Amino acid sequence: MPTYDYLCQDCGQVFSVQASMSEYAQGLRPTCPHCGSKKVVRTFSSVNVLSSRNRGMPRWGGCGPMAGPGCCGG
């Protein structure tokens with residue numbers, strides 16, 4: 001089951017909600033567990049994906065042709 005991260009616009013707390021993809025598609029509207037506010041926005045966190053095509057390459061991080069701004073001090 002996916003985990004969705006939210007930021008409360010009232011108290012500033014970040015929290016996570018586990019919900020099925022169908023629940024999210026139907027308009028999941030969580031409330032902040034800290035203050036009860038419904039003024040929350042979804043945030044995005046990074047995801048690590050490993051592939052069998054990456055054999056022989058570093059598993060985590062590193063720079064390459066697809067690296068974005070700020071990578072490796074650039």
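I looked up Ser-37 and found it buried, because its relative accessibility is 8%. For burial I used a 1.4 Å probe and protein chains only: buried is under 20% relative accessible area, exposed is over 50%, and partly exposed is in between. The model is predicted, so I kept to its limits: pLDDT of at least 70 for local features, pLDDT 80 or more for side-chain atom pairs, and all residues for totals of chains, interfaces and linings. Residues are numbered from 1 along each chain as its sequence is written, and side-chain values use heavy atoms, with hydrogens and water left out.

Ser-37 sits in the loop between α1 (21-25) and β3 (40-43). Helices (H or I, at least four residues) and strands (E, at least two) are DSSP runs, numbered from the N terminus. The side chain of Ser-37 makes a 2.6 Å polar contact with that of Asp-10. I took a polar contact as a pair of N or O atoms within 3.5 Å; within protein, one must be able to donate a hydrogen and the other to accept it, and residues adjacent in sequence count only if both atoms are side-chain atoms.

Cys-35 is in the loop between α1 and β3. I noted Cys-35 as partly exposed, with a relative accessible area of 41%. Leaving aside neighbours within four places in sequence, Cys-35 is in contact (heavy atoms within 4.5 Å) with Cys-8, Asp-10 and Cys-11. Cys-35 and Asp-10 are 25 residues apart in sequence, and their C-alpha atoms are 8.0 Å apart.

**Asp-5**

I placed Asp-5 in strand β1 (residues 3-8). Asp-5 is buried but has no salt bridge. That bridge would need a side-chain nitrogen of Lys or Arg within 4 Å of a carboxyl oxygen of Asp or Glu. Arg-42 is the nearest side chain of opposite charge, 7.5 Å away. Lys and Arg count as positive, Asp and Glu as negative; His and the chain ends are not counted. The side chain of Asp-5 does make a polar contact with the side chain of Ser-16, at 2.6 Å.

**Aromatic pairs**

I looked for rings of Phe, Tyr and Trp (its six-membered ring) with centres within 6.5 Å; planes under 30 degrees apart are stacked, over 60 edge-to-face, the rest tilted. The count came to two aromatic pairs. Tyr-4 and Tyr-24 are stacked, at 4.5 Å centre to centre and 10 degrees between the planes. Tyr-4 is in strand β1 and Tyr-24 in helix α1, so this pair ties together parts 20 residues apart in sequence. Tyr-6 and Phe-15 are also stacked, because their planes are at 20 degrees, with centres 5.9 Å apart. Tyr-6 is buried at 4% relative accessible area, and Phe-15 is buried at 7%.
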